[in-house]
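Subject: Structure handover

Dear colleague,

Here is the structure we spoke about. My notes follow below it.

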There are 2 protein chains.
Amino acid sequence: MAEHATAPQQGSAQRIAARFRERIRAGLLRAGERLPTIRSVAQEAGVTRATAQNAFRILQQEGLVESTVGRGTVVAERAAAPGSIAGPPLSRAAVAAMLALQDGAALPPLSADTDALVADLAGLQPDPALFPIEAFAACVVRVLRDSGRIGGSLGYGSTAGDAGLREVLAQRHGIGDPERVLVTSGAQQGIELVIRTFASPGDAVAVSVPTYHQLFGVLASHGVELVPIDAPDGVADLDALARVLRRPDLRLFYVMPSFHNPTGVTLDAAQRRALVDVVAATDVPILEDEFEGELRFAGSEPPSLAELDPRRLTITVRTFSKALFPGLRIGWIEAPQELVAPLRALKRFSDLESSPLLQAALRDFVVEGALDRYLTVLREALRERHDAADRALRAHMPAGCRWRRPDGGLSIWVELPPDADADRVATRAALAGVQVTPGRLFDPLRRPSRGLRLALSRVTPAAIDSGIEILGRCVREERLADPAAGLGSTPLIL
Amino acid sequence: MAEHATAPQQGSAQRIAARFRERIRAGLLRAGERLPTIRSVAQEAGVTRATAQNAFRILQQEGLVESTVGRGTVVAERAAAPGSIAGPPLSRAAVAAMLALQDGAALPPLSADTDALVADLAGLQPDPALFPIEAFAACVVRVLRDSGRIGGSLGYGSTAGDAGLREVLAQRHGIGDPERVLVTSGAQQGIELVIRTFASPGDAVAVSVPTYHQLFGVLASHGVELVPIDAPDGVADLDALARVLRRPDLRLFYVMPSFHNPTGVTLDAAQRRALVDVVAATDVPILEDEFEGELRFAGSEPPSLAELDPRRLTITVRTFSKALFPGLRIGWIEAPQELVAPLRALKRFSDLESSPLLQAALRDFVVEGALDRYLTVLREALRERHDAADRALRAHMPAGCRWRRPDGGLSIWVELPPDADADRVATRAALAGVQVTPGRLFDPLRRPSRGLRLALSRVTPAAIDSGIEILGRCVREERLADPAAGLGSTPLIL
C-alpha cells in the first residue's frame, strides 16, 4: 500500500518535470528565467510541495535548472535554446510542434481533482458505457481466426486500405468508386495528409475559426501559415474569405460544416451553397471535416460541400473515433479521383497503412449491421443528454448566457455574458469539480473568449444537471468577484 | 461465374489506368508523349488486349490521353504537368512522394502469375502459418471486455503510448526509464518522426546503402536530400562517411546494424565501435533501425549503437511487424530523454496516437510470455529455412555466386557473378514462378546490381529448394542469352 501511495506522486513529479523540460527545450523558458515557486507549482498542479520539489530536483539533475541565491530556481545557461542541450539542433518542424503542444497545454482550466469530480464536460469522446463491445469482439476474433494465411489481416495489406471496408464505406456514403476512399489513421492523419497534399512550407491555409485545436500544430509543424477566417456564430465571414482566397500562397480552405467543434453549428444548405460559391470562384480546394457527421439525432442532412462543389475539389475527412471507438484510430478520406494518388503516396511514406486487422474487423462490423444498431442507441443517448443540458442551462445559467441546441454531435457551446471571461469561469468550475473547455483553446490567436464547450457524451443527464448548476454558480461568482483580485488571467503553466 | 470472370478484368483495367494516371499526374509522362501500344501494355501486365484497351478508354474519358492519327495514344496537352488537371497545384511533398512511389513500382520483376508460383522469395514478412493467433485473440478479447469504461483501451489514450506496454518494452530492452519509449505506428512512422525531428526541407541525411527502399520516399516527401554512403558488403565506407558528416546541412545518419535489409549483414562489436567513433566526433545523431532485432537464431548480440554512443545521440527504431504481426502497425522508438519531447510532439500532430486497443493487447501478450514463446518457434523456423537455403544455394547456383549466412532475420542476400544483371535474372525467375527482389530496388541511385534478396520467411524448406533450383537455372540461362536480345533492361511500367 505504501508503494502504491508513492508511485503516483513520483509519476506527478516526473510529469511536472516533463512539462518544464519541454518548455525549456522549446525555448519557451529562456536561460536565466525564473521558474515559479515550489509552492505555486504544487498548488497549480494539485500536488504536495514535496512532489513539486522532486520535480525541480529531476530538472536540476538533468542540468536544466539551477538554484540561485536570492532568485530561486532559474533555467540553466546551457539548457535554454532548442538544441543546446548537448545535442544537435532540432528541425523547424520539431520546434514548431513542441511550441504548439506547449501553447495548448498552457491554457486553463486546471484538471479537476478526480476525487472531487462532479461532471467531466470537457472530454469530447463517446461514452464507453454504450460501446458495443461484444459485437466488435466477435468481429475481431473471427477476423483473427481467418488471418493465419498469406494475405490475411495480420500481414501487410495495402496503403489505400482494406478493399472490403472501402467498398462498404463507398456504399454507405453514395460514393460511386471505392478507389476514391483512402483509409487513414484517424481524422487527424486525414487532415495532415490533405494539408501536405496542397501546402508546402511557406504556403498558407484559410481556416474558419474557432476550430479544432489540434489543427494548429499540424499546420505549424509543416511550416504552413494558418489564416483565420472569423466565424463567430459558426458561419465564416464570406467577404473576408473571398479576400483571403486571393492570396497567391493560399492553398486550402479548412471547414467543419456539421456539428462544428467547438460551436456545434451545422451550416444549412443555403449557407453551404454560399460558401462553396465563394471558394469555387478560385482553384483553392476545400477540406471538409465531417468528424461527427454520423451523429445526427434531429433534423435532416444538408448536402455535403463535396456534393455542392462543381469543381470536384472538395476532400472530405471522416472518422470512426466519434461514431464508434477512438481507440481504433481509423478514419477515412473521400477524395476526387484525381487526388487519391498524391494522398495515398504521402500516406505510404508516413506509416505504410493503417492496421489491416482493425480495418477488417470494422468492415465486418459495418457489413453485419452492428454499426447501424449502435448508432441508433448512441444518437438516442445524445438526444437525451442534449435535452438534459438544455433544461439545465435554462434552469441554472444567469441571464445573458446564450446557447443553441445542435441537431447532433457530442457537445453544446455556451456563450457567457459580454463581461465574462471563459478562462476564469472554466478554472473556477474545475476547482468546483466541473470540467469544461474555454473557447480560447479553439482560437489560433488565443483571443479572450466568452464561449465554453460542454461535452455531453460521457455524462448522465443527472450529472449534466449537477454540472451545469455548478457552472451557473461559477459564472455568477466570477461576475461578482473583482477580476483583478480573481484567479488571474495569466495562462497557467500546468 | 460470368460476373466473377469480368470483375477482375475490370479491376485490372482500373489498375492499369491508375498507374498511367499517377505517372501523368506526377509529370513522369508529359504532354504529347506517346503511351506504349495496347499490345505491349497487355503483355507486360499479363492481361488481355481488351483489358488494356479498357484502361486506355478510362484515361481517355478522364481527358488524360487522346488518340491521334499516326502516333497512337498520347498524353493530352491539358493533362500533363502536376496540377494541371482542372485542379490546384500539388505541394512539393505530394509530387515527390508520387515520384518516389512510381520509381519503386517501375522496377522489375513482374509479379509471378500466382497459379504458376513455385516460391515467393520476395515478400519480407513473417509466415502467417506460424502466427500465435489464439493467444493473441485471447489478449484482445480480454482487453476489449475491460474497455467499457473511461480510460479504457477503446477510448483515447496518450501520444506516448500505453504506459504498461512502454514499461515492459523498457524492461525487456534494459531501458531505465519508460519515458524514453515512444510507441509508433510501425517502424515506418518511427523513421519518419526521427527524420522530421532533425531535418528541415533542404537539409541532408546520410544513409548507408543499399538500404530499406521505403526510406527514399520519406526523405523525398520532406524535401530532405539522401546522401548515400556506399556499404557494398554491409559495412559503410567510414572515410566517405566522415567526409559527408562534415557537410553543414547534414542532420542525421541512418543505418541498420543488425540483419540489414537487404544484405542480411550484422555489424560486429568492433565494426559498431568504429562506426560510432566516426559519427561521435560530430553532433550528428544516429538513427539505428533495428527492424529485425528480435530475430536472431545464431551467434550473440553485439552492443547496440545506442549503448556505444557516448553522446547519447542515437535513436533506435524497432517494430513488431517482423517479430510478430505486420497487421498491428505497432513499432516503437527508444530515444535519449531529451529527444522524447520533439518526437512526441510530431507524433501528436501526425495521428494523435497509435491504437490504444492494439497496444493494450500487445502489452498483455508480452507480459504473459506469449511473445517469447512465439519468438522461440519463429527463430527455429527461420534457422531451418536458412539451412535449407544454404544447402540449395550450394547445390543449385552456378560458380561465381556469393552469399553469406546471416545469424538472424528473414532473408538472405545472393550476389551473382560479375557479368550478371540481377534485374534480368529476377524477371526471368518471376516468369518461371519464383519471385525474388533485385538489388537495384534498395539503391537510391538505381545503379545496376548483382545482388538478389531472397526472403525465406513464408516458404517451406522444400519450396526454398525448388525455388533456388529454378533461380540457379535462370542465372545460367541469362548468362547464355545475348543481353541485347534478352528481356531488356528498361524498367517495366507495370
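R329(A) is buried, with a relative accessible area of 5%; buried means under 20% relative accessible area, exposed over 50% and partly exposed in between, with a 1.4 Å probe and protein chains only. Phi of R329(A) is near 55°, a positive value in a residue other than glycine. The residue sits in the loop between β9 (314-319) and β10 (331-334) of chain A. Helices (H or I, at least four residues) and strands (E, at least two) are DSSP runs, numbered from the N terminus.

On conventions: this is a predicted model, in which local features need pLDDT of at least 70 and side-chain atom pairs count only at pLDDT 80 or more, while totals for chains, interfaces and linings use all residues. Residues are numbered from 1 along each chain as its sequence is written, chains are lettered from A and ligands numbered from 1 in the order in which they are written, and side-chain values use heavy atoms, with hydrogens and water left out.

Further backbone points

F259(B) also has a positive phi, of about 45°, although it is not a glycine. F259(B) lies in the loop between β7 (250-255) and α10 (269-280) of chain B and counts as buried at 2% relative accessibility.

The peptide bond from V209(A) to P210(A) is cis, with omega near 5°, and P210(A) belongs to the loop between β5 and α8 (214-221) of chain A. In chain B, the bond from V209(B) to P210(B) is cis, with omega near 5°; P210(B) is in the loop between β5 (204-209) and α8 (214-221) of that chain.

Strands

In chain A, six of the six residues of β5 (residues 204-209) are buried. A204(A), A206(A) and S208(A) point one way from β5(A), and V205(A), V207(A) and V209(A) the other way. Six bridges join β5(A) to β6 (residues 225-230) of chain A, and the two run parallel; strands pair if DSSP finds at least two bridges between them. V207(A) stands opposite P228(A) in β6(A).

Chain B has an open sheet of four strands in the order β11-β12-β15-β14, with antiparallel pairing. Its edge strands are β11 (402-403) and β14 (437-438), each of which pairs on one side only. Five bridges join β12 (residues 411-415) to β15 (residues 451-455) of chain B, and E415(B) has G451(B) as its bridge partner in β15(B).

The two copies

Chain A is superposed on chain B by a rotation of 180° with 0.1 Å of shift along its axis, at RMSD 0.2 Å (least squares on the C-alpha atoms of residues with pLDDT of at least 70 in both). The two copies are thus related as by a two-fold rotation axis. The same surface serves both copies, as 100% of the contact residues of chain A recur in chain B; contact means heavy atoms within 4.5 Å.

Cavities

The structure holds seven cavities of 30 Å³ or more. A cavity is a set of points on a 1 Å grid over the protein atoms alone where a 1.4 Å probe fits but cannot get out, and lining residues have an atom within 4 Å of a point. Grid points are joined across faces, edges and corners, and a volume is the space filled by probe spheres set on the points. About 130 Å³ lies in the largest cavity. Its lining has 13 residues, with Q337(A), V340(A), A18(B), R21(B) and E22(B) nearest the centre. The largest share of that lining, six residues, comes from α1(B).

Regards

Notes: 1 Å grid on protein atoms, 1.4 Å probe; cavity = no way out; pocket = protein on both sides within 12 Å on 5 of 7 lines; lining within 4 Å.
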